[in-house]
Amino acid sequence: MRARVLENFAPYWNYGVHPLKQDDEVSGELAAYLVSTHSPVEPLDDEARALRDAPAEEPQEPTGPPADLDIDGTAADVLAWVGEDPERASKALEQEQAKDKPRSTLVKQLEKLAAADGE
């Protein structure tokens, strides 16, 4: 992949600043990076033009916590479901403690969140 620099600029790429001058020709991964970020470069081959013209990916809609608690999910999933809600923390704590092997770290975090109900 190749591209020609259209104006002087110094992009940060691959852990370093790369000063580029107008009419410099770049190739490989640097060219791909510059083209894909819509930097001031002109694609010089079909591969670079295809990358420039590729439709941007649609941003993913953020999803909130699931409506129902999955107590067998990861601790992060359980805490995401709880959020800052002391009632949800109490519900999750009750279900976690009812398991044969409750996760001690999760129990401690849920206890703290559930205790916020009385504050």
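**View 1. Strand β1 pairs with β4 in the antiparallel sense.** β1 spans residues 2-5, and its pairing with β4 runs over 3 bridges. Strands count as paired if DSSP finds at least two bridges between them. Helices (H or I, at least four residues) and strands (E, at least two) are DSSP runs, numbered from the N terminus. Arg-4 stands opposite Glu-25 in β4. The model is predicted: local features need pLDDT of at least 70, side-chain atom pairs need 80 or more, and totals for chains, interfaces and linings use all residues. Residues are numbered from 1 along each chain as its sequence is written, and side-chain values use heavy atoms, without hydrogens or water.

**View 2. An open sheet of 3 strands has the order β4-β1-β5.** Pairing is antiparallel. The edge strands, β4 (25-27) and β5 (41-43), each pair on one side only.

**View 3. The buried side of helix α4 (residues 86-97).** Pro-86, Ala-89, Ala-92, Leu-93 and Glu-96 are buried (under 20% relative accessible area, 1.4 Å probe, protein chains only; exposed is over 50%, partly exposed in between). These residues lie on the same side of α4 because they cover an arc of only 120° around the axis, taken from the directions from the helix axis to the C-beta atoms. They pack against α3 (75-82) and α5 (104-115), with contact meaning heavy atoms within 4.5 Å. Exposed Glu-87 and Glu-94 sit on the face turned away from the buried side.

**View 4. The start of α4.** A side-chain oxygen of Asp-85 comes to within 2.8 Å of the backbone nitrogen of Glu-87.

Conventions
Expected span 1.5 Å × (residues − 1). Polar contact = N/O pair within 3.5 Å; in protein donor to acceptor, adjacent residues only side chain to side chain.
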